[in-house]
Amino acid sequence: MSFVSVRNIWQAYGDRSIIERVNVEVDQGEFISIVGASGCGKSTFLRLLLAQERPTRGEISIDGGPPAVEPNVERGVVFQRYSVFPHLTVRDNLIAGTAFKTRFGFLRGAARRQAMQDADEMLARIGLNHVADQYPASLSGGMQQRLAIGQAMTAKPRVLLLDEPFGALDPGTRLQMHAFLMELRALTNMTVFMVTHDLEEGFKLGDRVLVFDKPRWDPHDPGLFGATITYDFDARNGGIPHQIQTEDTHVS
Ligand SMILES: Nc1ncnc2c1ncn2[C@@H]1O[C@H](COP(=O)(O)OP(=O)(O)OP(=O)(O)O)[C@@H](O)[C@H]1O
């Protein structure tokens, strides 16, 4: 059985269908890039994986069970911006990543000492030990995103969800972040879902690239049909296209 199994997911808000008939099986350790037109439901799909929302129809399982509703226990998440706590120092942001794992969200005694040690190891890994006592506002965009990824990873999630994590960065910093993310991945067996608007980035980092699109489209009622996965590219072998959704049901 696949590590992440998404079976016939539909999501609608009111009478607006956002995604429909989404099926995908993902192995542990796979890196899945997600691309698609703006507003086609990519972030909605991530929220469903994160169990922030329940699908209108269909089922998701992670390691054989439904996704847990507590944050950060099994899934870390990084958004394009605002993923870190501005009122905490860099080190305390990483400790907060571990504290999420506890029932009440805070640590004391030996657990806190262990969390501080883990935070210092992560600071070294993400190259931020020299700014451990600074606040996020004093860091560059690339450093803030490294911190956000480090924070999501201190909880040792088995699934990492990245929603356009490098979208706000300049091209040079973006390349550095690619190298950083690939290094981190080589050290863990995390399963990653990353939404990106950058196809090149999707193919470079992903083992697979999923394309979300609307195969059914009613020009008189654009909200009638939702998007689904129309392509599942194997990016490991040069991206040979494998079209899984072929029907052309444009309504005129
Ligand atoms: N909670 C909600 N209630 C109502 N509509 C919503 C809600 N969340 C998202 N939507 C709508 O669902 C659609 C899909 O949004 P979503 O953010 O998932 O798209 P996206 O593909 O990630 O877009 P982008 O690439 O621009 O970030 C949008 O039209 C959005 O307005």
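This is a predicted model: local features need pLDDT of at least 70, side-chain atom pairs count only at pLDDT 80 or more; totals for chains, interfaces and linings use all residues.
Student: What makes V211 buried?

Tutor: The cut-off is 20 or more other C-beta atoms within 10 Å. V211 has 23 C-beta neighbours inside 10 Å, so V211 counts as buried.

Student: Where is V211 found, and what is V211 in contact with?

Tutor: V211 is found in strand 8, residues 208–213. Leaving aside neighbours within four places in sequence, the contacts of V211 are V35, G36, I229, T230 and Y231. One of these, G36, is also among the residues around the ligand.

Student: How far is V211 from F45?

Tutor: Their C-alpha atoms are separated by 12 Å. Along the chain, V211 and F45 are 166 residues apart.

Student: Why is helix 1 called largely enclosed?

Tutor: Count its buried residues. Six of the eight residues of helix 1 are buried, so the rest of the structure largely encloses this helix. The six are K42, T44, F45, L46, L48 and L49.

Student: What does helix 1 lie across?

Tutor: Helix 1 lies across strand 1, strand 2 and strand 4. Against strand 2, helix 1 runs at about 60°. Just after helix 1, A51 takes a positive phi of about 60°.

Student: Which residues are around the ligand?

Tutor: Y13, I18, G36, S38, G39, C40, G41, K42, S43 and T44. Each has its C-beta atom, placed from the backbone, within 6 Å of the ligand.

Student: Which helix gives the most to that shell?

Tutor: Helix 1, residues 42–49, with three residues. By class, the shell has three nonpolar, six polar and one charged residues. Gly counts as polar here.

Student: What makes strand 1 and strand 2 a pair?

Tutor: The requirement is at least two bridges between the strands. Seven bridges join strand 1, residues 4–13, to strand 2, so the two strands pair. They run antiparallel. For S5, the bridge partner in strand 2 is E25. For V6, the bridge partner in strand 2 is V24.

Student: What lies between the strands of that hairpin?

Tutor: Two residues lie between strand 1 and strand 2. In this hairpin, G14 takes a positive phi near 60°.

Student: How do you know which strands are the edges of the open sheet?

Tutor: Start with the order. The open sheet has three strands, ordered 2-1-4, with antiparallel pairing. Strand 2 (16–26) and strand 4 (57–62) each pair on one side only, and these are the edge strands. From one strand to the next, the twist averages 20°.

Student: Which residues of the largest nonpolar core touch the most other members?

Tutor: I34, L49, L161, V192, F193 and L210. This core has 56 residues. Helix 4, residues 141–154, gives the most to the core, with five residues. In soluble globular proteins, nonpolar side chains tend to be buried together.

Student: How many of the contacts join residues at least 24 apart?

Tutor: 68%, among contacts in the protein chain between residues at least 6 apart in sequence.

Student: How many helices and strands does the protein chain have?

Tutor: Six helices and nine strands. Of the 252 residues of the protein chain, 38% count as buried.

Key. Residues are numbered from 1 along each chain as its sequence is written. Helices (H or I, at least four residues) and strands (E, at least two) are DSSP runs, numbered from the N terminus. A nonpolar core is a set of buried Ala, Val, Leu, Ile, Met, Phe, Trp, Tyr and Cys residues joined through C-beta atoms within 7 Å. A residue is buried if 20 or more other C-beta atoms lie within 10 Å of its own, exposed if 12 or fewer, and partly exposed in between; C-beta atoms are placed from the backbone. Axes are lines fitted to C-alpha atoms, for helices over the stretch in contact, and angles run from 0 to 180 degrees between N-to-C directions. Two residues are in contact if their C-beta atoms, placed from the backbone, lie within 7 Å.
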